[in-house]
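Subject: Structure handover

Hello,

Here is the structure for your files. My notes on what was found in it follow below.

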Amino acid sequence: MPKTKKINKLPLYWKCQIIGWGTVSLFWLYIALVRDHFSITEALTNYVFDVSICIGLTHAYRIISLKWGWERLRITELVKRVIPSILILSVLFMLLMNIKMSAYIYMLNGNNTFYESLLLWNPVLITGIRHMSIWVLGYHAYKFYVREIDTAKRNAKLSVIAKQAQLDNLSKQLNPHFLFNSLNTIKALTLENPKIARRAIDLLSDLLRWSLYEKEHDTITIAEELALVKDYVELEQLRFEERLKVTIDVDDSIKSITIPTLSIQLLVENAIKHGIDQQLDGGTVEISVRTDIYHLIIVVKNPGKISKKEHEGLGLKNLQERLLLQYEGNAHLEIRTVTECSVAVILKIPIDKK
């Protein structure tokens with residue numbers, strides 16, 4: 001029973017190695033017994049060496065492939081490495097088989113043909129090419145299959161997260177509290193300034209319509225995102241009045257770059273909730289978007305101090321998970337103290353060169 005448990009705990013790779021090469025080497029075991037008239041002991045010893053040589057060579061290839069990241073290469077780049085590797089593995093296979101047989105003949109007959117037969121090019125090379133080709137191609141085909149499965153799973157999870165983000169955003173950005181405040185503001189404006197009240201209703205209607213019907217994609221251009229942010233800010237300014245000011249610094253040349261949907265809006269919402277709303281005199285939310293060589297850097301700055309609630313906010317956590325899935329760990333979100341009375345959230349994402 002303990003031995004069975006150990007075998008069952010072997011990784012799939014080693015199970016395939018042992019079973020695969022063990023099965024292939026059975027043919028060579030048969031030849032050793034029937035054609036070459038080896039004794040049982042000699043044939044089994046030869047069998048163990050055959051299996052060990054094949055596993056050793058292919059496992060060495062796997063180590064090199066993993067170390068140099070060949071599994072992540074495109075097909076054309078991978079082929080340039082696979083073909084020479086197969087030839088090298090085949091030559092090594094032939095040399096090791098020659099060494100094994102020469103050592104056996106030397107020990108058996110005691111003649112001096114050991115060194116002469118080491119570099120003998122024989123049909124074993126063809127056998128090596130055939131078997132190494134099958135193994136290497138099978139190995140990379142399996143790796144490609146696993147990578148495609150992982151990508152499909154990641155895309156499926158990203159889709160679920162994006163849909164959840166839509167629901168989270170609707171409940172967080174346009175939650176009952178927000179709607180209650182907005183409707184109260186509109187109610188007061190209907191008597192004081194009907195024109196502004198109508199504008200507030202239009203803004204609220206646009207935000208609701210966009211949140212419910214127009215968020216079909218995981219990404220949005222900076223220009224489109226900023227248009228949404230401006231509507232959101234304008235509606236909030238009706239509530240905060242002079243307490244809320246917003247500045248936007250974005251170069252027109254980068255407005256066509258795509259970013260995760262609602263990323264800037266969520267950062268602005270976070271700045272208003274944890275910054276402006278907590279200050280008696282309000283303050284200014286500063287939005288800037290710039291680029292370096294490879295990244296887009298979004299900075300949203302607001303008055304206040306970093307709070308535990310800000311770190312634990314569901315919106316930022318949701319955005320961080322979306323970034324992790326969408327950019328595979330290459331995007332970063334950081335909350336940083338700028339001065340004693342100001343905080344900045346910095347979002348850094350890779351620029352899509354396409």
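Helix H9 is largely enclosed by the rest of the structure, because eleven of its twelve residues are buried; buried means under 20% relative accessible area, exposed over 50% and partly exposed in between, with a 1.4 Å probe and protein chains only. Helices (H or I, at least four residues) and strands (E, at least two) are DSSP runs, numbered from the N terminus.

Before the rest, the terms of reference: this is a predicted model, in which local features need pLDDT of at least 70 and side-chain atom pairs count only at pLDDT 80 or more, while totals for chains, interfaces and linings use all residues. Residues are numbered from 1 along each chain as its sequence is written, and side-chain values use heavy atoms, with hydrogens and water left out.

The buried residues of H9 include Ser263, Gln265, Glu269, Asn270 and His274. H9 covers residues 263-274, and its end C-alpha atoms are 17 Å apart; this agrees with the 16 Å that twelve residues should span at 1.5 Å a residue. The expected span is 1.5 Å times one less than the number of residues.

H9 lies across E2, E4, E5, E6 and E7 and runs at about 20° to E5. Axes here are lines fitted to C-alpha atoms, for helices over the stretch in contact, and angles run from 0 to 180 degrees between N-to-C directions. Contact means heavy atoms within 4.5 Å.

The five strands form an open sheet with mixed pairing, in the order E2-E4-E5-E7-E6. Two strands pair if DSSP finds at least two bridges between them. The edges are strand E2 (244-250) and strand E6 (332-339); each has a single partner strand, so one side of each is left without a neighbour in the sheet. On average, neighbouring strands of this sheet are turned by 15° against each other, direction ignored. Helix H8 (residues 222-240) also packs on the sheet, where it touches E2, strand E4 (283-291) and strand E5 (295-303). The direction of H8 makes about 165° with that of E2.

**Strand pairings**

Strands of a sheet pair through backbone hydrogen bonds, either parallel or antiparallel. In this sheet:

- E4 and E5 run antiparallel and are joined by six bridges. They form a hairpin with three residues between them, and Ser288 stands opposite Val299 in E5.
- E5 and E7 pair in the antiparallel sense over nine bridges. The bridge partner of His295 is Pro350 in E7.
- E6 and strand E7 (residues 342-350) are antiparallel as well, over seven bridges. Ile335 stands opposite Val345 in E7.

Seven of the nine residues of E5 are buried, so E5 is largely enclosed by the rest of the structure.

**Two local points**

Glu241 lies in the loop between H8 and E2. Its phi is near 55°, a positive value in a residue other than glycine. Most residues other than glycine have a negative phi. Glu241 counts as exposed, at 57% relative accessibility.

Thr258 is in strand E3 (residues 258-260) and is partly exposed, with a relative accessible area of 33%. Leaving aside neighbours within four places in sequence, Thr258 is in contact with Thr219, Ile220 and Thr221. Thr219 is 39 residues from Thr258 along the chain, yet their C-alpha atoms are separated by 5.9 Å.

**Aromatic rings**

Rings of Phe, Tyr and Trp (its six-membered ring) pair if their centres lie within 6.5 Å; planes under 30 degrees apart count as stacked, over 60 as edge-to-face and the rest as tilted. By this rule there are seven aromatic pairs. One of them is Tyr13 with Trp14, edge-to-face at 5.0 Å centre to centre and 75° between the planes. Tyr13 is buried at 15% relative accessible area, whereas Trp14 is partly exposed at 28%.

Trp28 and Phe93 have ring centres 6.0 Å apart and planes at 45°, so this pair is tilted. It links distant parts of the chain, with Trp28 in helix H2 (residues 12-34) and Phe93 in helix H4 (residues 75-109), 65 residues apart. Trp28 is buried, with a relative accessible area of 15%, and Phe93 is buried at 1%.

Tyr61, Trp68, Trp70, Trp135 and Tyr139 form one aromatic cluster.

Arg62 lies over the face of Tyr13, 4.0 Å from the ring centre. A charge sits over a ring if NZ of Lys or CZ of Arg is within 6 Å of the ring centre and within 35 degrees of the ring normal.

Regards
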